[in-house]
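Reader: I am new to this structure. Please show me how to read its features.

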Amino acid sequence: MADPKAEQVSLSPFMAMFEDFRSNLDEHHDRRERVIKSSRDITASSKKIIFTLQRVRVLGCPVPQFAVKSNAQYWETIGKHIKGLGADLHGVNAYRYERQVTGGLQEFIEALSFQHYLETQTLITYEEATARILKMGELSAPIHLSPQDYVLGIFDMIGELMRFSITSMATNGKIPTGKAKPRKPKEDITEEQPEDRMDIDNEVSLSSESQKPRNVLDDLRELRLALEMFNTQGDPKFGSDVEKKMGVMRECVDKVEKALYSLVVRGKERPKGWMPEVQAERRAEVSY
Amino acid sequence: MSAQSGMVDPAIFQDLQTRVDEDAAVRDELKDLVQTLEKHNRQISFVLSRAHSTPVSKLSAVLEEAESSAEQIVESIGKLSQSASKLPYYKFNSLWSRQVQDAAFNLLFWAWLGGDQDGHIQGRLLTIEELGIVLKIPVNLKDRDEFHLTIEEYLQALISLVEELARLARNSVTMEDYERPLLINRFVKDLLAGFQILNLKNDSLRRRSDGLKYRVKDVEDVVYDLSLRNLIPKKSEEK
């Protein structure tokens, strides 16, 4: 401490009180810095995971070995930081640094839900995501994942689904579609509720083809509907965050619809039996 | 119909909707309590503002009137505390933090004027612990998650106190009270010295505390004007 300050220390009767404040505030700022750092590192690792996942081309089966291998270190980094966060975000401080941690958690949900989608073609549930955080951080008490962070992460994940579909259309000439009969009903039983739902649905929505597997666009539309129906009244901050992301989300779905449109309409120009997959120029037309 | 075809389990969003709606209901309930507190804060500052135009000899009436307003503040904070203690503190504290700061300031000012003591001796600072006792709430809680007065809120209230006292120093001179500015001068300097040892980050506390030195200077100017005109009472002249 500088000399003039030391002089004042001896004069002011409030010094002891302020010294106590200082150590409390320093603790708080240190904790805050740690949370910010962890949040940033989780964001960075999640982005790398997503980047690798974008090289996956198949839907509905475990991610290929190359992605598992290259992402292992990033999942590990995230786990380490979640563990660190667990030490700071508990008790009275559980919600204190929400604003600092929200960025990292959203990005993490984006990565987690994207991989989950690629593997199962379903949306990861809030409980599954929470459980995953608990497990990854080897925590005794979970760090709080707010419903808001989960929803906002899902909004971002839609952008990844868009990129995934467009790349797939550009390279394979078709929209990624789930595995047909053998895999799908099995998953429906484990991942979702009743298996008889399949039959009802097929009767209603599909007249000609039965057991048609869903493609990414079907899923995007379904997700879009669910998100549009979500009511954010009563939480102004969340409401404005959602509003911002809603526009981007709609654009993403639009992009996929447009890409699929051009794929179909231009496909018709080709001579019969000329499959889009074998066509090299397709790449240029729907490139992204 | 595609909504049921399988990607999204409808229960996911139903469940999340319920959670978000529950929070909204809690927020509404708290808002009512905070509004009551706001009303009582306005009431006491209305009463206390008369301190700027009431000489010390007649201040008792003002302070006694303020006392009943202070009791209302304590009561409304009590209700807020009761509701809020069931919730995670930092999840909702932004709803009430501003009003709690104002309440803290009002009571600090009232106590500085001598309102909390029989003799009405002015110039006393309630420490955060003392203020907590007056407000009947815990302060700076670390070991459990309940309603409390935070250090940040107390510090914000101190800044408001300095601003108010700078005003009071000038107005005292208008009422030909040449002694009080000296008291204020010493008091705000001591507080400024305290703030100077804090390592504040770039937040609202930092921005407001940056203004403290100007308030202290305002008071110094008043003292300077008084001493220039030989108006400072001999007995309490500064060393």
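Author: Start with burial. Buried means under 20% relative accessible area, exposed means over 50%, and partly exposed lies in between (1.4 Å probe, protein chains only). In chain A, 49% of the 288 residues count as buried. In chain B, 50% of the 239 residues do. This is a predicted model: local features need pLDDT of at least 70, side-chain atom pairs count only at pLDDT 80 or more, and totals for chains, interfaces and linings use all residues. Residues are numbered from 1 along each chain as its sequence is written, chains are lettered from A and ligands numbered from 1 in the order in which they are written, and side-chain values use heavy atoms, with hydrogens and water left out.

Reader: How many helices and strands are there in chain A?

Author: Helices (H or I, at least four residues) and strands (E, at least two) are DSSP runs, numbered from the N terminus. Chain A has 11 helices and zero strands. Chain B has eight helices and zero strands.

Reader: How do I read contacts along the sequence?

Author: Contact means heavy atoms within 4.5 Å. Take the contacts in chain A with a separation of 6 or more: 78% of them involve residues 24 or more positions apart. For chain B, 74% of contacts between residues at least 6 apart join residues at least 24 apart.

Reader: Which residues touch the most other members of the largest nonpolar core?

Author: A nonpolar core is a set of buried Ala, Val, Leu, Ile, Met, Phe, Trp, Tyr and Cys residues joined through side-chain atoms within 4.5 Å. In soluble globular proteins, nonpolar side chains tend to be buried together. Here the largest core has 77 residues, and F18(A), W96(B), L125(B), Y154(B) and L155(B) touch the most other members. Helix 2 (15-53) of chain A is one of the helices that each supply at least two residues. Helix 3 of chain B gives the most, with 14 residues.

Reader: Where does this core lie relative to the domains of chain B?

Author: Domain bounds come from an automatic or database domain assignment. Domain 1 (1-140) and domain 2 (150-239) of chain B both give residues to this core, so it lies between them. Now look at F18(A). Leaving aside neighbours within four places in sequence, F18(A) is in contact with residues including L155(B), L158(B) and L191(B). A second, separate core has 70 residues, among them I82(A), V151(A), L161(A) and C252(A).

Reader: How do I read a helix pair?

Author: Axes are lines fitted to C-alpha atoms, for helices over the stretch in contact, and angles run from 0 to 180 degrees between N-to-C directions. Angles under 35 degrees count as roughly parallel, over 145 as roughly antiparallel, 65 to 115 as roughly perpendicular and the rest as oblique. In chain A, the axes of helix 6 (residues 147-172) and helix 10 (residues 236-267) come within 9 Å and cross at roughly 15 degrees. That makes helix 6 of chain A roughly parallel to helix 10 of chain A. The contact includes V151(A) of helix 6 and C252(A) of helix 10.

Reader: What about helix 2 and helix 3 of chain B?

Author: Their axes are 11 Å apart, at an angle of about 150 degrees. These two helices of chain B are therefore roughly antiparallel. Among the residues that meet are L63(B) in helix 2 and W96(B) in helix 3.

Reader: Is K47(A) buried, exposed or partly exposed?

Author: K47(A) lies in helix 2 of chain A. At 46% relative accessibility, K47(A) counts as partly exposed. The C-alpha atoms of K47(A) and E107(A) are separated by 7.3 Å, with the two residues 60 apart along the chain.
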